[in-house]
Amino acid sequence: MNSFFLRNPSTLWFLMGLGLFTIGVTILSEAGIGFLSTSFIKILGKTLCLCLIAVAMDVVWGYCGILSLGHFAFFGIGGYAVGMWLMYARTEGIVLDSLAAQTIPPTPQEISDAIGNQIFGVVGSSEFPLVWAFADSLFLQLLMVVLVPGLLALVFGWLAFRSRVTGVYLSILTQAMTLALSLYLFQNDSGLRGNNGLSGLQNIPGFETTPQATISLAFFYASALALALGYVLFAWVVSGKMGSVIKAIRDNESRVRFLGYHVESYKLLVFTLTAIIAGIAGALYYPQAGIINPAEIAPIASIYLAVWVAIGGRGRLYGAVIGAAFVSLLSSWFTGGGAPAINLGFYTVNWTDWWLVLLGLSFVAVTLFFPKGIGGLFDYLVRKP
Amino acid sequence: MTTKKSLSASIIAGLLASTGMATAQDCAAPIKVGVLHSLSGSMAISETTLKDVMLMLIEKQNEAGGLLGCQIEAVVVDPASDWPLFAEKARELLTVSDVDVIFGNWTSVSRKSVLPVIEELNGLLFYPVQYEGEESSRNVFYTGAAPNQQAIPAVNYFLEELGVEKFALLGTDYVYPRTTNNILEAYLMDHGIAAEDIFVNYTPFGQSDWATIVADVVALGEDGKQVGVISTINGDANIGFYKELAAAGVSADDIPVVAFSVGEEELSGLDTSNLAGHLAAWNYFQSADTPANAEFIAAWKEFAGPDRVTNDPMEAHYIGFNMWVNAVKAAGTTDVDAVRAAMYGQEFPNLTGGTAVMLPNHHLAKPVLIGEIQADGQFDIISQTTEVAGDAWTDFLPESAVLKSDWQTLGCGMYNVETETCVQLTSNY
Amino acid sequence: MRRVFLFLALWLGFAPALQAQDLQSILQIHATEVADPGRRTVNAVLDDLAVSGLSGVADFLESWQDKAVWQRADGQFFVAAEAGNDLHLTDIVSGAQSTASKANFTQIKPNGGVRRVIGTALVQFQLTDPDLARRTTAVASIARSPNADQLAPLLASIAPEPDADLRARKVQLANFLSASFAATPNDRIAAIDNMAQDTSVEARAVLNQILTVRPGVAAMLPDNENVAGVLTPGQDMTPDAAYSLLVAAGLAPPRTPPGVIRAALEAHIDGGRVADVPVAQLNTNAMRERAYAGLAAAGRVPPLVTPSDRDAAMAAFAFFEIYAEADPAITDAAKRALASVETRVAAGQTVDLALDALSLASIYFLAAIGLAITFGVMGVINMAHGEFIMMGAYTGYVVQLFIPDYTLSIIVALPLAFAVTFGAGVTMERLVIRHLYHRPLETLLATFGISIALQQLAKNIFGTQARPLTSPAWLDGAWVFSDVIQISYIRIAIFVLALIFLALILFVLKRTRLGLEVRAVTQNPGMAASMGINPERINMLTFGLGSGIAGIAGVAIGLYAKVTSEMGADYIVQSFMTVVVGGVGNVWGTLAGASLIGFLQKGIEWLNPSNTLAAQTYMILFIILFIQFRPKGIVALKGRAAAD
């Protein structure tokens with residue numbers, strides 16, 4: 001292990017940075033001196049989850065050369081899987097409380113009906129759809145956070161890589177996949193509350209009395225830990241012999257195949273592994289966001305993911321982290337009205353309106369002129385002295 | 001058990017918040033009103049108008065001397081039509097900006113997103129848009145129409161005045177049309193319409209290919225019954241729908257269409273000369289002929305520009321804001337629980353005539369208007385009821401019929417009248 | 001009924017005694033009904049007006065229907081026309097003209113239902129009116145609310161009718177009325193037989209009305225009724241539905257729902273037990289039923305209807321349907337006619353569905369055809385293609401702002417949209433794509449950036465609200481083959497436009513110098529350059545051409561649907577899939593792809609008509625699978641051209 005970190009000093013630097021950041025945030029938070037509000041802790045925790053999926057995206061795109069425009073689908077699935085348990089368990093608590101007041105003890109059917117009515121009443125139903133079969137078990141739902149994205153990626157990847165669908169075709173296909181999934185979830189008949197999605201996820205069953213300040217800090221730690229572990233895992237994957245093969249596939253797939261490597265297996269492994277990590281990131285993200293709905297996994301979300309990685313710098317894991325953190329925080333600063341409007345005399349540039357134009361164009365500029373992204377700046381720093 | 005604990009926690013939180021607010025009374029700081037409407041993204045077109053109307057109302061109130069001797073300050077944030085962002089911004093408003101009340105949201109999913117936050121922090125939200133009901137939160141006042149204040153009267157109009165015997169319920173696939181149509185189906189069956197005489201169809205947001213659906217609706221007439229369309233189609237999908245109706249030569253005399261989401265703004269996207277006679281149901285139309293409305297429209301045009309139109313949710317904010325101001329005056333404080341108690345029974349004149357009353361279930365009693373589309377894109381009001389009391393839980397679905405919301409005396413938004421117990425104190429989000 | 005009889009009486013010259021009164025005083029008697037008419041209350045007014053036989057009645061009714069009657073504060077009614085803040089008043093009795101301020105008057109607005117009733121009352125006056133428009137209105141009124149009394153006047157009006165179309169319509173309507181209301185069964189059967197070819201909704205409505213059934217239940221099948229058929233519970237209806245029929249007929253006791261059982265148990269808790277079952281054990285349905293049975297045995301609650309009770313009750317009775325029409329000969333004729341009509345309707349619906357699918361395919365084709373050139377032929381991924389469609393549509397909108405004549409504005413908008421997007425395409429090719437020809441994934445991302453920027457730019461300029469793009473009047477309406485088969489002219493226009501572009505592109509690529517050079521540059525730029533072709537120029541022109549066509553597609557799509565900043569995004573994924581499914585590098589492939597997607601989507605919609613979203617989802621899933629198994633698309637290129 002020692003030698004792994006020695007060979008990858010950037011990983012060590014990253015872990016130290018992340019550790020310092022976590023400690024710093026703890027001190028500044030309401031648990032410490034109270035400089036950072038709970039809502040800002042939630043933003044930071046969510047950003048860490050976005051960094052995690054960006055790292056996964058970097059591995060699949062920056063290292064393996066598969067431009068997946070569908071990884072947010074896996075992120076969303078992770079969120080839905082954990083969200084189902086959160087909703088079910090919270091509602092079950094409410095329903096049991098209310099039914100306990102009756103003179104006659106409720107039948108299992110009555111309990112299930114009442115929970116169903118609470119969850120699906122707002123979308124005009126009370127039946128439990130099949131996908132909710134395991135919603136009462138935290139363990140099984142957590143298993144689904146890993147299994148469903150993994151299996152979906154495995155099947156999709158197996159079909160696609162087997163037919164040698166590569167390059168832009170694969171990108172369009174992955175985009176079609178996330179579009180199909182979001183359209184499916186938009187339907188009320190999908191059994192996941194359609195456009196409304198799952199809400200109230202910030203209320204963790206069993207911790208009703210715990211203030212959100214504590215819960216958000218706990219999720220912040222969990223996100224930081226997940227990011228650290230995910231980073232180390234991917235740093236390990238892309239270093240060493242397997243990493244070389246993966247990078248070789250990116251640079252010249254046919255040549256690697258001629259050398260006798262089973263290219264499809266490597267690609268499938270990377271695709272599936274990153275999908276699973278994306279699912280875990282989603283499972284940590286949505287309890288902090290409080291609500292998940294199909295708009296979250298619309299194709300545009302996955303495109304933004306690619307934008308973050310490209311701006312941060314492909315082919316280096318810390319680049320993805322920088323890109324995700326920088327662009328998403330900057331985005332919320334600009335769209336949140338944080339940026340002052342610029343008065344040009346004849347026209348006032350209002351950043352809520354113009355931010356996306358700027359983002360789109362800067363993205364073009366990065367692709368054309370700075371293919372290494374922000375991460376490329378570190379090369380200067382390292383080489384100059 | 002667990003909910004009771006969380007309730008006591010939230011009460012404590014509320015008390016803490018109220019002691020914090022008491023210092024605002026000596027006017028060291030102005031009274032803060034949060035405005036939580038999307039200024040960018042897909043909902044911006046609808047919600048920006050509501051932000052503007054709030055700014056206008058606050059300006060007028062400040063000109064009239066403010067509130068409790070303090071100036072009112074608007075805190076405007078942009079949740080960017082992004083539902084998780086609504087929750088984030090609501091938390092920011094309540095904890096960072098310390099606002100006393102929030103006026104905001106449009107669409108149910110955005111409301112469901114902020115509900116847990118508002119209830120956790122004991123905030124106060126005024127929601128101005130027509131919605132599907134089946135919800136009651138201690139911390140939300142619903143100034144838009146519940147289904148019984150829009151959908152049910154419109155269906156009654158179809159049954160009574162137009163003699164419609166067969167219904168096509170067309171909607172966009174999301175919660176408002178789904179729930180509204182469920183309620184309407186139950187209501188129609190209670191009124192002797194057979195299940196096979198109700199055709200339901202859901203289309204995605206922004207649907208543009210309407211030929212087949214319009215043909216299906218026309219074909220409904222093949223058993224000789226009068227067909228009517230109840231449309232909960234949302235946003236710009238309406239444009240393709242009305243264009244296809246016009247192309248197929250479906251006149252309002254043959255198959256009337258009543259819409260719940262089409263207002264003056266939506267009609268500006270198409271040529272209405274072929275659509276004259278089709279209907280919309282709201283609590284307010286710009287064409288309402290009263291002195292109060294004329295004054296409001298004049299003030300609005302002066303504030304926002306001569307081309308701007310007024311619409312139903314704007315009236316809801318107008319009533320909601322004025323009621324809140326009166327309630328704060330009556331309570332002598334902006335403390336949420338005190339203001340809430342003072343809200344019940346508040347009366348304020350509607351722009352369409354009559355008086356709106358705030359009921360203990362946090363809904364208004366308002367008149368229901370039905371308007372016919374005219375060639376100039378405005379509505380001709382042809383029917384106006386007396387005030388209808390908003391009903392949080394519909395009487396036409398068996399699960400909801402037993403529920404009642406009464407925060408004033410029962411202190412519960414989801415009270416089961418059969419078992420006489422309170423199902424829950426938080427709302428169902 | 002009475003009213004119509006009186007109208008007839010009037011016609012024959014029997015003027016009743018009421019004639020002495022004037023119109024205003026009759027209206028004053030019914031002032032509330034006139035000022036605020038309801039569909040069910042308005043008849044009282046209409047009856048009295050009819051009885052009066054006054055000459056101004058018809059004119060008054062027409063004004064009333066057109067919302068041109070106003071009431072003065074003192075209750076007097078006037079026919080009035082608005083002029084600013086004033087009203088031009090016409091006294092309804094004397095016809096005297098005057099002008100007054102609006103302030104004292106309220107407009108009377110009869111609703112749609114009332115207007116229809118007034119329309120029916122007006123039929124008698126309008127059916128033989130010299131004005132063709134009035135006669136047409138009258139016929140339309142009869143069609144909307146047919147009743148028996150209209151048959152005779154309608155028949156009488158056929159012979160003198162000068163307008164051929166209207167006469168044909170009158171004959172058709174008279175036939176419908178005869179089928180339902182003619183005096184003798186033979187006349188009715190003859191009329192019904194006449195309708196066996198008529199696929200119109202109205203004809204089917206008449207036949208279905210004759211065949212209206214109501215369910216019945218009795219110990220034996222009745223022999224004095226026209227029985228439509230016997231129903232077997234479990235096959236034709238659910239056992240529960242059958243049992244509720246029995247309950248409704250008072251032939252069986254109602255079943256006890258679970259809620260009632262629970263309430264009964266709650267009401268009879270006795271020392272922590274209900275009929276010897278401890279309350280704590282009542283948490284299963286079985287235990288609750290046992291406790292309830294115990295209560296029933298003690299006679300404290302009515303007994304439970306068990307499933308075997310239900311089945312026994314159902315076995316004892318016959319369930320059947322009875323025609324409302326008593327004469328079996330007529331219902332048989334109607335059944336025959338309807339069967340024949342429905343075969344035709346089914347065939348018609350298939351054709352209509354095929355037309356819709358064809359139309360959808362042509363829209364997809366039009367949206368994708370620009371891509372077929374930039375992506376298919378050149379291999380450039382342009383994710384901003386959708387935004388070019390949007391730019392075309394907005395160009396059309398802007399042109400309409402300046403040129404109010406819709407026909408002229410479309411004629412101007414089409415080439416202008418081409419020019420604008422051609423320019424945009426060329427600019428983009430020069431500035432961005434040229435640098436990325438060997439990095440297709442980067443092209444994809446860069447053009448996405450442009451797409452995001454353009455979309456937001458459009459929002460900043462035009463707002464997020466949909467903008468109107470109105471088609472010229474000659475594209476309004478639909479080509480109606482029958483009530484079943486019809487397609488709007490705008491869709492036909494799009495179909496024709498798609499065909500024109502198909503031909504044009506094939507011509508340009510296969511028959512012109514430019515096409516030859518394009519193909520040469522695409523296959524081997526180095527070799528083409530050495531033959532004297534300037535590849536950069538060709539790439540620029542080809543890309544411009546593809547983008548320009550997207551602009552024209554935008555105008556067409558805007559005409560049929562809507563113009564918003566997001567309209568391009570709605571089509572982009574589908575367009576790419578159209579090209580990929582069809583087979584890259586081949587315009588015919590794009591056509592095949594668009595047809596497959598269009599027909600497939602309509603097919604899935606037909607299978608599940610209540611959920612259009614599901615159709616889109618399953619279509620995309622199908623395409624994903626299709627590409628997995630046939631990655632080169634439907635029309636796969638062979639040989640060297642197929643190499644990437």
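B:E120 is partly exposed, at 23% relative accessibility. This is a predicted model, so keep that in mind throughout. The partner of B:E120 is B:R91, and the two side chains form a salt bridge, 2.9 Å from N to O. B:R91 counts as buried, at 3% relative accessibility.

Where do these two sit? B:R91 is in helix α3 of chain B, residues 83-96, and B:E120 is in helix α4, residues 108-120.

Next, a contact between chains. C:R204 pairs with B:E222 in a salt bridge, with the closest N and O atoms 2.4 Å apart. On the chain C side, C:R204 belongs to helix α11, residues 201-210. On the chain B side, B:E222 sits in the loop between α7 (211-219) and β8 (227-232). Buried or exposed? C:R204 is buried, with a relative accessible area of 2%. B:E222 is partly exposed, at 26%.

Now chain C on its own. C:R134 and C:E62 meet in a salt bridge, 2.6 Å from N to O. C:R134 lies in helix α7, residues 132-144, and C:E62 in helix α5, residues 57-65. That pair links parts 72 residues apart in sequence. Here the arginine, C:R134, is partly exposed at 28%. The glutamate, C:E62, counts as buried at 16% relative accessibility.

On to chain A. Salt bridges with shared partners connect A:R164, A:E253, A:R257, A:E264 and A:K267 in one network.

And the total? How many salt bridges does the structure hold over all chains? It holds 52.

Methods: Residues numbered from 1 in each chain as written. Chains lettered and ligands numbered in written order. Predicted model: local features only at pLDDT ≥ 70, side-chain atom pairs only at ≥ 80, totals over all residues. Heavy atoms only, no water. Salt bridge = Lys/Arg side-chain N within 4 Å of Asp/Glu carboxyl O. Helix = DSSP H or I, 4+ residues; strand = E, 2+ residues; numbered from the N terminus. Buried < 20%, exposed > 50% of the residue type's maximum accessible area, 1.4 Å probe, protein only.
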